[in-house]
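Colleague: I'm new to reading protein models. Could you walk me through a few features, step by step?

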Amino acid sequence: QVQLVESGGGLVQPGGSLRLACAASGSIFSIYTMGWYRQAPGKQRELVAIITGGGNTNSAEAVKGRLTISRDNAKNTVYLKMNSLKPEDTAVYYCNARWPSSNDYEYDYWGQGTQVTVSS
């Protein structure tokens with residue numbers, strides 16, 4: 001069992017930055033592939049970025065170069081650094097943990113989400 005708690009969301013102006021954090025507890029954090037997903041009003045939840053236990057990353061084309069995922073296994077925490085934010089980045093951002101991989105998983109855990117609003 002893994003518990004995930006997101007933090008760091010809020011209101012930011014277009015072009016601004018935020019850093020989301022997701023603290024994990026309850027299991028061996030380093031074996032999980034961690035991910036950030038988002039869901040905008042009226043839209044389906046979509047992948048933002050994932051990072052394997054070994055540090056390999058993949059991200060959606062819409063966020064490449066602006067949103068960067070990283071992890072600190074010593075702190076059981078995954079981050080999403082968000083730069084050059086756009087209004088279309090407005091969504092609830094969810095942290096996810098999967099094992100053994102993001103596409104073929106036996107275990108799947110979600111956080112409760114944190115709201116990010118990009119508006120002037």
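Modeller: Gladly! Let's begin with surface patches: a patch is made of residues with over 30% relative accessible area and no salt bridge, and nonpolar side chains are joined within 5 Å. Keep in mind that this is a predicted model.

Colleague: Which residues form a nonpolar patch on the surface here?

Modeller: Ile28, Ile31, Trp99 and Tyr107 do, and together they have about 370 Å² of accessible area. Look at Trp99, in strand β9. Its relative accessible area is 31%, so Trp99 counts as partly exposed.

Colleague: What is the peptide bond from Trp99 to Pro100 like, cis or trans?

Modeller: That bond is cis, with omega near 5°. Pro100 is found in strand β9 as well.

Colleague: How do I read empty space inside a model?

Modeller: Rolling a probe the size of a water molecule over the atoms shows where empty space is left. In this structure, a search of the whole model finds one cavity of 30 Å³ or more. The largest cavity has a volume of about 40 Å³. Its lining includes Ile28, Phe29 and Met34, and the lining residues divide into six nonpolar, two polar and no charged.

Definitions and conventions. Residues are numbered from 1 along each chain as its sequence is written. This is a predicted model: local features need pLDDT of at least 70, side-chain atom pairs count only at pLDDT 80 or more; totals for chains, interfaces and linings use all residues. Side-chain values use heavy atoms; hydrogens and water are left out. Patches are made of residues with over 30% relative accessible area and no salt bridge: like charges are joined within 9 Å, nonpolar side chains (Val, Leu, Ile, Met, Phe, Trp, Tyr) within 5 Å. Accessible areas come from the Shrake-Rupley method with a 1.4 Å probe; for residues, only the protein chains shown count as cover. A salt bridge is a side-chain nitrogen of Lys or Arg within 4 Å of a carboxyl oxygen of Asp or Glu. Helices (H or I, at least four residues) and strands (E, at least two) are DSSP runs, numbered from the N terminus. Buried means under 20% relative accessible area, exposed over 50%, partly exposed in between (1.4 Å probe, protein chains only). On a 1 Å grid over the protein atoms alone, a cavity is a set of points where a 1.4 Å probe fits but cannot get out, and a pocket is an open set with protein on both sides within 12 Å along at least five of seven lines; lining residues have an atom within 4 Å of a point. Grid points are joined across faces, edges and corners, and a volume is the space filled by probe spheres set on the points. Ala, Val, Leu, Ile, Met, Phe, Trp, Tyr, Cys and Pro count as nonpolar, Asp, Glu, Lys and Arg as charged, and the others, Gly among them, as polar.
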